[in-house]
Amino acid sequence: MKFVIALYAPPQAPSSRRTLRFAEALLAGGHEITRLFLYQDGIYNAASTQVVPQDEVDLSHEWRQFIQRHQLEGVVCIAAALRRGVLDVPEAQRHARTASCLAEGWTLSGLGQLHEAIQQADRLICFGGP
Amino acid sequence: MSTLHILSHSPFSDGRFSSCLPLLGDEDALLLSGDAVYALQPHTAPHQQLNTLTSSIALFALEEDVSARHLPAWPARVKLVDYPDFVALCCHYDRVNTWL
Amino acid sequence: MNRSLLIICRQSPWSSLQAREMLDIALTGGAFDLPLALLFLDDAVLQLLPEQQPSLLQQKDLTANLQALPLFGIEQLYAARRSLTERGLDELSLGLPVQVLDDPELKQLISQYDQVITL
């Protein structure tokens with residue numbers, strides 16, 4: 001089956017780790033991930049600037065590796081990202097901000113990408129909260 | 001069409017558990033994850049509410065969350081699941097509704 | 001045929017970005033002409049109180065955007081009777097034309113949509 005996975009919680013939330021474990025099991029089970037979509041505080045999973053203590057899980061880093069390993073499409077809602085200060089280089093330039101921190105493998109785009117993926121996939125699963 | 005509902009908030013500090021249960025259809029299922037597994041605590045109102053759900057409603061709990069919290073027991077009708085089981089549930093039920 | 005989406009909102013209007021960001025999902029879907037419905041459950045029914053003044057909190061008026069839903073083709077608007085009653089709201093004095101549903105009707109509603117998002 002084809003799944004779209006939408007994540008609404010930041011990397012520190014247990015649900016974010018749960019999302020990644022679920023995504024791994026999905027692919028291991030022979031299913032497809034149509035798109036990963038980050039919304040609300042989920043956009044922080046796509047930031048490249050967290051500094052996580054060495055004895056803790058660096059979920060943003062794990063997401064980057066997961067996306068690259070499996071050549072997945074990782075989309076970050078641009079409106080949610082901008083208001084939370086996660087910008088890519090073009091947006092940082094456009095808005096005259098001093099830094100961009102969108103991690104490699106992720107793309108800023110609109111909510112239309114979530115709707116498009118919902119139309120294309122067999123299942124939508126959302127993760128968020130604790 | 002059947003729905004797999006997913007909860008992750010504690011039933012004691014948050015209203016999602018109480019709001020979700022009356023909306024479970026007879027063919028639906030409920031997966032407890034994260035702090036929602038505390039609903040399995042014996043001798044509590046949430047535990048009681050789970051036991052009184054229509055028997056056709058399937059109840060599941062994410063095994064890692066139950067074990068991490070070292071919960072002493074859970075109702076016999078609650079099946080503990082791992083991630084591959086979780087994936088299978090999502091395929092089995094027509095839609096997934098996570099109470100974000 | 002397009003997959004239908006039911007968006008269940010549970011958030012009060014002025015306490016976080018969540019209500020606004022839920023509405024953005026609805027409005028975007030409407031702009032793409034997708035079959036969408038919105039259910040106001042729990043604290044989200046507080047969005048339906050008429051004549052609110054969020055400018056006093058220096059917030060944008062979310063309730064004005066709710067009025068725009070039919071313009072985006074989103075006319076299936078529902079509210080949970082139990083949530084209205086719990087919060088002392090009169091279903092005849094709401095700021096938006098919604099169909100008020102009891103719990104059995106809400107179960108029916110959920111089962112009619114291909115996908116559900118509960119925010």
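Two residues are in contact if their C-beta atoms, placed from the backbone, lie within 7 Å. Keep in mind that this is a predicted model, where local features need pLDDT of at least 70, side-chain atom pairs count only at pLDDT 80 or more, and totals for chains, interfaces and linings use all residues. Residues are numbered from 1 along each chain as its sequence is written, while chains are lettered from A and ligands numbered from 1 in the order in which they are written.

**View 1. Chain B meets chain A.** Here 14 residues of chain B are in contact with 19 residues of chain A. On the chain B side, α4 (83–92) and β5 (95–98) are the elements that give two or more residues; helices (H or I, at least four residues) and strands (E, at least two) are DSSP runs, numbered from the N terminus. The largest share, 6 residues, comes from α4(B). Sorted by class, this side has 8 nonpolar, 5 polar and 1 charged residues (Ala, Val, Leu, Ile, Met, Phe, Trp, Tyr, Cys and Pro count as nonpolar, Asp, Glu, Lys and Arg as charged, and the others, Gly among them, as polar).

**View 2. Chain B meets chain C.** This time, 12 residues of chain B are in contact with 12 residues of chain C. On the chain B side, β5(B) gives the most, with 3 residues. The classes here come to 5 nonpolar, 6 polar and 1 charged.

**View 3. The sheet of chain B.** Five strands form an open, parallel sheet in the order β4-β3-β2-β1-β5; two strands pair if DSSP finds at least two bridges between them. At the edges sit β4 (78–81) and β5, each pairing on one side only. Look for β2 (residues 29–32) and β3 (residues 58–62), which pair over 4 bridges. One bridge to spot links B:Leu30 with B:Leu59 in β3(B). Packed on the sheet is α4(B), touching β1 (3–7), β2, β3, β4 and β5 of chain B.

**View 4. Around B:Leu32.** Leaving aside neighbours within four places in sequence, B:Leu32 is in contact with B:Leu7, B:Val37, B:Ala39, B:Leu40, B:Ala61 and B:Leu62.

**View 5. Two loop residues with positive phi.** Most residues other than glycine have a negative phi. Still, A:Gln71 has a positive phi of about 55°, and this residue lies in the loop between α2 (59–70) and β3 (74–77) of chain A. C:Asp33 has a positive phi too, about 65°, and is found in the loop between α1 (18–31) and β2 (36–40) of chain C.

Definitions and conventions
Axes are lines fitted to C-alpha atoms, for helices over the stretch in contact, and angles run from 0 to 180 degrees between N-to-C directions.
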